[in-house]
Amino acid sequence: MYFKKLFKGILCFCVLGLTVTMTGCNNEAEKTAVCFVIGNTGNSQGLNMNGQLVSDTLYDVIRNYGYIGVVNADGDPEMVFSESYEIDKRYKAASNNILDRTARTNTSNVAAFLKSVVADNPEVDYLESLKLATRQLASLDGYDNKKIIVLGTGLNTTGILKFSDNVIASDSKGIAEKLEEIQELPDFSNINVYWQQLGDVAAPQIELTGNQRKSLESIYRDIVETGGGTFVCDGTAAGKIDETIEYPNVSVVEFSSDIEISIPTEKTAEPVITPEPVITPVPVTEKPAAPTQQPVEGIDKFVYDAFKNAVNKVYELYPYLKTKSSDFFEVNVEYSEIDGKSGTVASLKTVSSDLGDGYKMKNCTLRIDNEDFNLASHEYLSSDEKAMLAATITHEVTHFIMYDTIPDGMIALNSNEFPEWFIEGIAQASSGADNWFTGSVFMPDSEWCILFNDEYVSTNSEEYLADYVSKLKTMPYGAGYVATLYLGMKANGSSIGNVTTSNIVSGLRRIVNDLADGNTLNRAIANNTEFDGLSDFEYQFTNAKGDVIPFVRNLRIAIGDDGAGSIVGGGLSYSANYLFKESAFDNSKINYYLRF
């Protein structure tokens with residue numbers, strides 16, 4: 001293959017250049033072998049090769065003399081690139097400047113090759129692609145770490161795991177066990193699998209609901225873990241679709257009706273916030289039961305106090321919602337395994353009913369993953385863990401109160417449903433920016449750069465920030481958070497140069513008050529900003545028009561190095577430990593009760 005020959009030539013040239021200087025010591029880092037599985041096919045969002053997962057892995061592997069393989073994941077997968085970046089021992093004594101420069105050159109070349117990989121055959125078979133990758137890695141000796149990085153939707157349209165007959169709704173463990181039984185399970189022994197853009201489909205494939213995304217992730221997680229590996233679902237946002245490419249046909253996968261919503265909120269290995277409202281029309285035949293006695297000890301008391309604090313904080317942000325809330329509502333609390341340690345920390349499940357004049361929430365369950373916290377011995381939780389759990393509960397409570405007070409916009413069965421970026425953005429505004437923003441956009445004075453469009457750039461550059469805000473609909477927890485705060489500033493009529501919590505909150509109150517009075521988000525935006533409505537706001541924001549980029553920069557400065565980016569408590573720059581510390585909980589009486 002031409003690209004492979006080209007890469008070998010570049011590698012040899014760079015190695016020969018190392019003979020110029022021979023100084024320093026030979027202190028080698030761990031060697032890694034990585035195999036990329038590239039699903040650049042039809043019915044998929046554009047693959048983002050500029051994220052940290054891909055760019056950092058490429059550089060680290062090449063710089064430390066590792067191995068890179070590439071599988072083209074289509075209907076007939078094949079290994080299209082295989083290269084070792086080992087060099088003669090005597091050249092490793094060259095100066096770090098030369099070694100670094102050589103690694104950067106090779107990294108840029110491999111990154112360009114990855115972008116050129118496009119499906120050659122109709123359909124896509126990720127399971128067979130994974131088999132190729134595992135067999136290739138198993139054939140390699142002398143590597144400390146072995147990884148597979150998959151970029152693609154994960155929807156198999158051919159092969160043994162063809163996603164027909166609503167396979168996505170099947171028991172994921174059962175699928176893995178069946179593959180093992182018929183000897184079709186790849187051997188992932190000692191391999192770490194990272195999956196980027198799982199479920200990021202494009203037309204004509206129907207978009208996956210949150211629960212379908214979770215089911216898809218569970219299927220591959222169980223396949224990998226049953227095969228002896230570890231699995232991480234990476235949250236890097238999708239790239240733009242290259243409209244110039246004519247992809248081979250990929251069949252549309254049909255799913256059964258599913259109106260459950262569950263979307264991951266974290267792109268790191270840390271515990272994450274995942275609201276999981278489930279909307280099921282049911283007849284209302286009776287009023288809620290009388291309130292139960294409230295918990296007085298243990299983890300129940302902490303959760304109850306954190307819940308009360310969250311309700312009071314959200315009411316403090318949006319006082320009008322308190323006047324619209326239920327006189328009494330009981331929330332069930334469950335401690336259970338959701339998706340294992342370092343996954344989903346909590347989820348919210350609601351059931352709503354059409355009362356004739358619109359939908360209303362009938363019951364709600366807050367689930368907390370006991371794999372992420374030692375809930376049985378909660379007294380041993382660190383202050384950081386307690387603050388994280390309290391922030392998570394605040395995120396979920398924001399959803400909960402909006403379901404209680406503005407149900408028509410929150411329920412997917414309604415034509416005036418709020419866009420996902422607003423639902424998640426306003427909840428993130430309560431709990432904090434998380435790594436979706438502060439981990440992707442660094443402070444202006446930071447020396448850190450990121451590989452973007454084949455070159456290392458500052459995350460405050462015009463090009464990088466424009467790309468970030470363009471992900472509004474595919475990255476609701478990051479770009480959605482920024483858009484929601486920008487909307488607050490615009491609704492308050494504030495100067496973008498004066499990004500403060502009070503200005504943002506003042507504007508968001510105007511928006512939320514209009515929504516609580518029965519207006520659509522489209523009308524609320526038109527009523528309170530210079531934008532014509534929702535579509536105009538989304539267009540201006542995603543295309544970085546006007547003062548969008550200056551706002552993003554000023555917001556990052558306002559949050560600072562240690563700020564949580566939360567609008568509760570009066571300060572974007574306040575840390576999560578300060579905002580959500582147990583001693584500062586507001587335990588004023590609320591109209592909601594918890595049943596444990």
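**Exercise 1. Name the residues that form one aromatic cluster in this predicted model.**

Solution. Look for the rings that group together. Phe418, Trp421, Phe422, Tyr486, Phe531, Phe537, Phe541 and Phe551 form one aromatic cluster.

**Exercise 2. Classify the ring pair Phe302 and Phe585, and locate both residues.**

Solution. 
- Step 1: begin with the whole structure. A search finds 18 aromatic pairs.
- Step 2: take the geometry. The ring centres of Phe302 and Phe585 are 5.8 Å apart, and the planes meet at 50°. Planes under 30 degrees apart count as stacked and over 60 as edge-to-face, so the rest are tilted. The pair is therefore tilted.
- Step 3: find the places. Phe302 lies in helix H7. Phe585 lies in the loop between helix H19 and strand E13. The pair ties together parts that are 283 residues apart in sequence.
- Step 4: check burial. Phe302 has a relative accessible area of 3% and is buried. Phe585, with 10%, is buried.

**Exercise 3. Classify the ring pair Phe400 and Tyr592.**

Solution. 
- Step 1: the centres lie 4.6 Å apart, with the planes at 75°. That angle is over 60, so the pair is edge-to-face.
- Step 2: Phe400 sits in helix H9 and Tyr592 in strand E13, 192 residues apart.
- Step 3: Phe400 is buried at 1% relative accessible area. Tyr592 is buried at 0%.

**Exercise 4. Where does the charged end of Lys31 sit?**

Solution. Find the ring of Tyr143. The charged end of Lys31 sits over this ring, 5.0 Å from its centre.

**Exercise 5. Which residues are linked in a network of salt bridges?**

Solution. The network links Glu128, Lys131, Arg135 and Glu184.

**Exercise 6. How many disulfides does the structure hold?**

Solution. The count is zero. Among the cysteines, Cys35 is buried at 0% relative accessible area. Cys364 is buried at 0%.

Definitions and conventions. Residues numbered from 1 in each chain as written. Predicted model: local features only at pLDDT ≥ 70, side-chain atom pairs only at ≥ 80, totals over all residues. Heavy atoms only, no water. Disulfide = S-S within 2.5 Å. Buried < 20%, exposed > 50% of the residue type's maximum accessible area, 1.4 Å probe, protein only. Phe/Tyr/Trp six-rings, centres within 6.5 Å; stacked < 30°, edge-to-face > 60°. Helix = DSSP H or I, 4+ residues; strand = E, 2+ residues; numbered from the N terminus. Lys NZ or Arg CZ within 6 Å of the ring centre and 35° of its normal. Salt bridge = Lys/Arg side-chain N within 4 Å of Asp/Glu carboxyl O.
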